[in-house]
Amino acid sequence: MTDTRSDAVATLAQALGIIGRGPGRSRPLTRSEARDAFAALLAGTALDVQAGAFLLLMRYRGETAEELAGLVDAARAHIGPAPEGVRRPALDWPSYAAGRTRGLPWYLLAARLLGEAGVPVLMHGDNDLQTGGVGALQGLSALGLSPAADLSEAADRLGREGFVYLPLAGLSPDLKRLLDLRSVLGLRSPVNTLVRHLNPLDAPATLIGVFHPNYLDSHAEASLLLDAGRWLGVVKGAGGEGERRPHKPVDLRLVEQGTSKVEHWPALLAAAPADSPDDPGRLAALWRGEGEDAEGEATVIGTAAVALRIAGRAATPSDADALARSLWSDRRR
């Protein structure tokens with residue numbers, strides 16, 4: 001083996017020895033240990049068997065906030081800094097849900113609404129393993145929008161368009177490679193968690209959606225380690241996306257300048273709707289104001305309100321709801 005590969009193998013072997021021992025003998029990785037191990041995986045110099053073992057062990061144990069911060073450190077370093085001189089988005093919006101409960105990506109309309117209202121949004125994501133509903137790329141196509149090819153294009157278009165979607169494959173092929181191991185491992189891995197913290201254009205705020213409630217706090221705790229002074233909001237959203245379900249109350253974990261709190265947002269609709277077809281054409285029809293879609297409209301307005309709150313454009317949930325309704329009414333159709 002070359003020296004580089006030998007070093008990577010040794011780094012992963014050490015990490016596996018720490019987290020893989022039996023009860024009472026294993027311990028979580030430190031932030032720097034997690035960073036070094038994941039950097040080896042991203043470089044592609046570790047053994048394949050080590051990659052699978054590391055990701056599954058971390059998945060089985062559940063990553064700590066410190067471990068998650070270390071994984072994100074490695075991923076951000078691998079991607080590199082934002083291009084110089086580009087306009088920063090007001091909101092970073094990761095989109096990585098691929099579960100069976102995913103319906104139409106109404107959140108795309110909410111992001112577009114913010115972008116057209118002068119609150120630029122960079123959305124990055126990957127829904128290739130979608131097992132139900134409609135993925136983000138299908139939704140973009142229905143709206144007549146195209147994804148960016150890479151980070152430079154996304155940064156360039158953001159200043160003109162206000163809302164840009166960047167697939168993970170264009171942002172980091174190596175992260176995409178590790179994320180796609182889900183199809184052979186049979187389970188999600190810490191990669192599904194850490195990509196939500198990439199923030200590749202250094203936005204001052206991030207909106208994260210999760211499916212499992214225990215990740216609400218872990219994302220907030222990791223953010224306190226990673227991004228002091230920035231805003232982060234975490235919601236349990238539809239299928240794990242950053243999308244507000246209008247017929248249910250929402251607890252928003254809000255991290256603001258080094259402190260974390262919970263805001264309780266009321267339901268917007270009285271009852272859950274009847275099943276509706278997952279037709280991407282409904283997205284464009286709603287934006288154009290063709291026909292009535294109470295569930296879709298409430299989802300878009302409610303999601304936009306949460307995004308506005310996280311982006312610092314509203315001081316309270318009620319203010320955010322009112323602003324989102326006003327923006328929706330005044331949108332360019």
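Tutor: Start with burial: a residue counts as buried under 20% relative accessible area, exposed over 50%, and partly exposed in between. Keep in mind that this is a predicted model. Of the 333 residues in the protein chain, 53% come out as buried.

Student: And what is the idea behind a salt bridge?

Tutor: Side chains of opposite charge can pair when their charged atoms come close. Here the protein chain carries 36 positive and 40 negative side chains, and the count of salt bridges comes to 22.

Student: Which residue does Asp126 pair with?

Tutor: Lys176, with N to O at 2.6 Å. Asp126 sits in the loop between strand 2 (121–125) and helix 6 (136–142), while Lys176 belongs to helix 9 (residues 173–179), so this bridge ties together parts that are 50 residues apart in sequence.

Student: Is Asp126 buried or exposed?

Tutor: Asp126 has a relative accessible area of 9%, so it is buried. Lys176, at 10%, is buried too.

Student: Where do Asp321 and Arg244 lie in the chain?

Tutor: These two form a salt bridge, with their closest N and O atoms 2.8 Å apart. Asp321 is in helix 15 (residues 317–329) and Arg244 in the loop between strand 5 (231–236) and strand 6 (250–256), 77 residues apart. Arg244 has 3% relative accessibility, so it counts as buried.

Student: What about Asp36 and Arg35?

Tutor: Their side chains meet in a salt bridge at 3.3 Å, N to O. Asp36 is partly exposed at 37%, and Arg35 is partly exposed at 35%.

Methods
Residues are numbered from 1 along each chain as its sequence is written. This is a predicted model: local features need pLDDT of at least 70, side-chain atom pairs count only at pLDDT 80 or more; totals for chains, interfaces and linings use all residues. Side-chain values use heavy atoms; hydrogens and water are left out. Buried means under 20% relative accessible area, exposed over 50%, partly exposed in between (1.4 Å probe, protein chains only). Lys and Arg count as positive and Asp and Glu as negative; His and the chain ends are not counted. The place of a charge is taken as NZ of Lys, CZ of Arg, CG of Asp or CD of Glu. A salt bridge is a side-chain nitrogen of Lys or Arg within 4 Å of a carboxyl oxygen of Asp or Glu. Helices (H or I, at least four residues) and strands (E, at least two) are DSSP runs, numbered from the N terminus.
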